[in-house]
Amino acid sequence: MVDFQKLLNNKKQNPRNVKEMDPEIQEIKTKLSEEGLNITEADLKARFTLLSGFGVPKNEIVRSVLNYFATQGGIDTKKFYGGGDNAEVTVDTLTDENMWGTVRVKVVQLWNSEHESINQVGLVGDATGTVKFTSWASAGAMNMEEGKSYLIKNVVTSKFNERMQIGINKKSVISPVDDEIEVGYATMTIVGALVNIQNGSGLIKRCPECNRSLRNGVCSEHGKVQGTYDIRIKGSLDDGTESHSILLNTELTEQVTGINQEAAIAMAVEAMDQSVVVDEFENRLLCRFFVVEGTKMDQTILVSSMTPLGEIGQEDIKSLKAAIPAEVV
Ligand SMILES: [Zn+2]
């Protein structure tokens, strides 16, 4: 769905950007009309503007816009590209199952996969967002490294647990690219009740080498180490329809609980038990309603702000509701 307010805002910010792309817009218009698809200049410009607002490179915008309207019009995008490879698309356009495309992405995270049919699994992204990928062992594709960027030709989308993912298969070709790709993350706002505070919350110790949280004083990578204290919350926020995993860093944990790190350490020392801290967090927060803003990484929302619902005025709730797309209400 097109967010017209966003388009207008972007237009104000980037008038020159879109004007410079007039020749490209005309070219796309011609290509589409040759396939019997008449798209108005205004619609093409709107899509251009939307993508230029994300700082996507020009050639990627051209490919993405052409692909977007062609796919919507039921035209096989291969028509435009001569060769056997699928058109380059941005991650935000991968919204349906069984879409083929070529992506230019950075590997954000690699996850462990025990399954022998899977070579690699993780998260890749471009300026428009992130998507899970699975590189099947049968594809025989090269291994990718975290933090490096790649052109991945001919990936196909599928849905797994209600989530879109891309598959790297026998038809896919991975090649490293030199350009540094900036990854944009989708931000979201949720109103819900904190129904659970998970293990690993409260006062924890971290490995001084790698910052991983320790289990019984042991780092999974560096063994037994002298840890440094930290406080955090890993919780579940229930919005009435589904439960979201949320993660609060030190600063937000202090702010939301009203207990700072030194106070937490003092509490644990006095009780000679670290778990009193998380108990107190539960006393103060469980079953309360919050408005949470954050960035979704993998399945967890990294929280950037968390406000108790009691502190929110009627006007705020109105504008919050207005900001939620109609299909999710
Ligand atoms: Zn470590």
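In the predicted model, Thr134 is buried, with a relative accessible area of 3%, where buried denotes under 20% relative accessible area, exposed over 50% and partly exposed the range in between (1.4 Å probe, protein chains only). Thr134 belongs to strand 3, which spans residues 129-136; strands (E, at least two residues) and helices (H or I, at least four) are DSSP runs numbered from the N terminus. When neighbours within four places in sequence are set aside, the contacts of Thr134 (heavy atoms within 4.5 Å) are Ile118, Gln120, Val121, Gln165, Ile166, Gly167 and Ile168.

Residues are numbered from 1 along each chain as its sequence is written, and side-chain values use heavy atoms, without hydrogens or water. As the model is predicted, local features require pLDDT of at least 70 and side-chain atom pairs count only at pLDDT 80 or more, whereas totals for chains, interfaces and linings use all residues.

The protein chain comprises nine helices and 14 strands. Of its 329 residues, 40% count as buried. Among contacts between residues at least 6 apart in sequence, 59% join residues at least 24 apart.

A pocket is an open set of points on a 1 Å grid where a 1.4 Å probe fits, with protein on both sides within 12 Å along at least five of seven lines, and lining residues have an atom within 4 Å of a point. Of the 19 lining residues, Asn199, Gly200, Ile204, Leu214 and Arg215 are the closest to the centre of this pocket. Two or more lining residues come from each of strand 8 (202-206), strand 11 (228-238) and helix 8 (275-285). By residue class, the lining holds five nonpolar, nine polar and five charged residues.

Two residues other than glycine were found with positive phi values. Asn98, with phi near 60 degrees, is located in the loop between helix 5 (58-72) and strand 1 (100-111) and is exposed, with a relative accessible area of 62%. Cys287, with phi of about 70 degrees, occupies the loop between helix 8 and strand 13 (289-297) and is likewise exposed, at 60%.

Further cysteines were examined. Cys219 is buried, with a relative accessible area of 2%, while Cys210 is partly exposed, at 27%. The structure holds zero disulfides, a disulfide being a pair of cysteine sulfur atoms within 2.5 Å.

Notes
Ala, Val, Leu, Ile, Met, Phe, Trp, Tyr, Cys and Pro count as nonpolar, Asp, Glu, Lys and Arg as charged, and the others, Gly among them, as polar.
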